[in-house]
Amino acid sequence: MTKQITIKLNHKQFRPLLDKIQEFAGIGLTESDSDTVGKSLFFCYQSLIQKQPHRDNKTHFELLLDTVGIDRAQAMLFFLNNYSEFKKKGLNGIKKDKK
């Protein structure tokens with residue numbers, strides 16, 4: 001048997017998030033919650049780390065930052081603040097109109 005990574009997530013917090021991701025992807029794209037998390041992690045890798053040679057050798061994340069006109073530090077701070085709210089209040093607790 002291959003080695004496994006076990007990740008435990010709070011059902012109340014993460015079930016709605018997994019459901020939204022699965023809904024976005026479409027029925028049948030993922031086989032299980034673990035498959036959804038694995039695909040989400042790979043999506044993060046592809047978006048945040050993998051350079052796109054056909055796009056000035058930037059990542060998708062860097063291209064997005066260029067488009068919205070913020071730098072990496074601002075984006076990380078925004079993410080960490082939103083994640084902190086999510087951890088406290090769940091998906092519905094995140095303010096939709098943050099400035």
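Why is it called that?

Guide: Welcome! The protein carries 17 positive and 11 negative side chains, and the centres of the two sets lie 7 Å apart. Lys and Arg count as positive and Asp and Glu as negative, with His and the chain ends not counted; each charge is placed at NZ of Lys, CZ of Arg, CG of Asp or CD of Glu. This is a predicted model, in which local features need pLDDT of at least 70, side-chain atom pairs count only at pLDDT 80 or more, and totals for chains, interfaces and linings use all residues. Residues are numbered from 1 along each chain as its sequence is written, and side-chain values use heavy atoms, leaving out hydrogens and water.

Visitor: Why is the pair of F42 and Y45 called tilted?

Guide: The structure holds 4 aromatic pairs. In this one, the ring centres are 5.9 Å apart and the planes meet at 35°, so the pair is tilted. Rings of Phe, Tyr and Trp (its six-membered ring) pair if their centres lie within 6.5 Å; planes under 30 degrees apart are stacked, over 60 edge-to-face, and the rest tilted. Both residues sit in helix α2 (residues 33-48), 3 residues apart, about one turn of the helix.

Visitor: How do you know whether F42 is buried, exposed or partly exposed?

Guide: Buried means under 20% relative accessible area, exposed over 50%, and partly exposed in between (1.4 Å probe, protein chains only). F42 has 48%, so F42 counts as partly exposed. Y45, at 39%, is partly exposed.

Visitor: What makes Y83 and F86 an aromatic pair, and of which kind?

Guide: Their rings are 5.9 Å centre to centre with 40° between the planes, a tilted pair. Y83 is partly exposed at 35%, whereas F86, at 4%, is buried. F14, F79, Y83 and F86 form one aromatic cluster.

Methods: Helix = DSSP H or I, 4+ residues; strand = E, 2+ residues; numbered from the N terminus.
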